[in-house]
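Here are some notes to read with the structure open beside you. Take the points one at a time and find each spot as you go.

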Amino acid sequence: MGHLKRNLVTARERLRDQVAHALRAALISGELRPGEVYSAPGLAEDFGISATPVREAMLDLAREGLVEPVRNKGFRITEVNERDLDQYTEIRTLIEVPMVGRITRSASREDLEALRPVAEEIVRAAREHDLIGYLEADRQFHLSLLGLTGNERLVETVGDLRKRSRLYGLTTLDERDQLLPSAEEHLELLDLMLAGDAKGAEACMTRHLGHVRSLWAEGLKDAETPAGRRPKRGRAAAG
């Protein structure tokens with residue numbers, strides 16, 4: 001019985017992860033709208049499964065700052081406005097730009113080169129229109145790079161900012177081929193750091209974060225524009 005129970009728990013966790021992955025994809029594509037409330041039973045009906053794994057997956061997304069629970073209704077998709085984006089960018093610039101300079105001066109070539117496959121994965125994902133892969137590789141690159149400072153709290157802080165500023169309507173940007181230039185900046189940054197050019201790396205990071213900020217704004221605009229709206233997955237909760 002113990003073995004059977006473990007298998008059931010593993011299958012349930014796997015289903016929750018699959019649902020969470022599908023919900024993240026729906027957020028990125030704009031199928032789930034910022035500000036709207038979705039019920040777990042309504043989403044579960046579309047998935048053809050019970051509400052429990054959907055509710056568990058939504059709680060995972062809540063911990064990432066992507067949704068927030070609404071008592072007796074479901075989960076509201078987190079909204080991000082222009083003021084939020086400006087503040088997130090300002091904080092990330094204050095942290096990441098000087099840290100890149102410090103890392104350039106202190107990190108080993110081996111540690112920096114270890115990031116090249118991740119930087120190349122970002123470019124590959126952008127070229128192949130793999131949006132989930134793009135965001136995951138981008139997250140891994142930036143947080144792994146900051147991890148070279150040895151400051152875990154700094155990495156957690158930037159990680160939290162990234163979650164709260166995740167792009168909505170990313171599909172539209174991808175269709176316009178606006179992601180590739182930003183993706184390629186990761187390789188440019190890495191090459192500058194490997195060359196020992198701390199000032200150049202800081203300038204590249206400043207430009208990159210400004211580029212990312214403009215992408216956030218475009219994604220936000222598309223998410224709020226009726227013409228950019230896509231069919232919703234699941235039913236929004238009443239009220």
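Predicted model: local features only at pLDDT ≥ 70, side-chain atom pairs only at ≥ 80, totals over all residues.

1. Start with helix H2, which covers residues 40–47. At its start, look for Ser-39: a side-chain oxygen of this residue comes within 3.0 Å of the backbone nitrogen of Gly-42. Once H2 is over, you run into Gly-48, which has a positive phi, near 75°.

2. Which residues of H2 are buried? They include Ala-40, Gly-42, Leu-43 and Ala-44. To count as buried, a residue must have under 20% relative accessible area.

3. Now bring in helix H3, residues 51–63. H2 and H3 pack at an angle of about 115°, and their axes are 8 Å apart. The crossing of these two helices is right-handed.

4. What touches what here? On the H2 side you have Ala-40, Pro-41, Leu-43, Ala-44 and Phe-47, and they meet Ala-51, Val-54, Arg-55 and Met-58 of H3. Sorted by class, the contact of H2 with H3 has eight nonpolar residues, one charged residue and no polar ones.

5. Next, hop over to Thr-78, in the loop between strand S3 (74–77) and helix H4 (82–106). Is Thr-78 buried or exposed? Its relative accessible area is 18%, and the cut-off for buried is under 20%, so Thr-78 counts as buried.

6. What does the side chain of Thr-78 find around it? One of its polar atoms lies 3.0 Å from the backbone oxygen of Gly-65. The backbone nitrogen of Val-67 is 3.3 Å from a polar atom of the Thr-78 side chain.

7. The other helix pair is H6 (residues 116–127) with H7 (residues 131–147). How do they run relative to each other? The angle between them is about 160°, with the axes 8 Å apart. Angles over 145 degrees count as roughly antiparallel, so that is the label for H6 and H7. Their crossing is left-handed.

8. Finally, zoom in on where these two helices touch. From H6 come Val-118, Ala-119, Glu-121, Ile-122, Ala-125 and Ala-126, meeting Gly-133, Tyr-134, Ala-137, Asp-138, Gln-140 and Phe-141 from H7. By class, this contact has eight nonpolar, two polar and two charged residues.

Key
Residues numbered from 1 in each chain as written. Heavy atoms only, no water. Axes fitted to C-alpha atoms, helices over the stretch in contact; angles between N-to-C directions. Helix = DSSP H or I, 4+ residues; strand = E, 2+ residues; numbered from the N terminus. Parallel < 35°, antiparallel > 145°, perpendicular 65-115°, else oblique. Left-handed = near helix turned anticlockwise from the far one by under 90°. Contact = heavy atoms within 4.5 Å. Nonpolar A, V, L, I, M, F, W, Y, C, P; charged D, E, K, R; others polar. Buried < 20%, exposed > 50% of the residue type's maximum accessible area, 1.4 Å probe, protein only. Polar contact = N/O pair within 3.5 Å; in protein donor to acceptor, adjacent residues only side chain to side chain.
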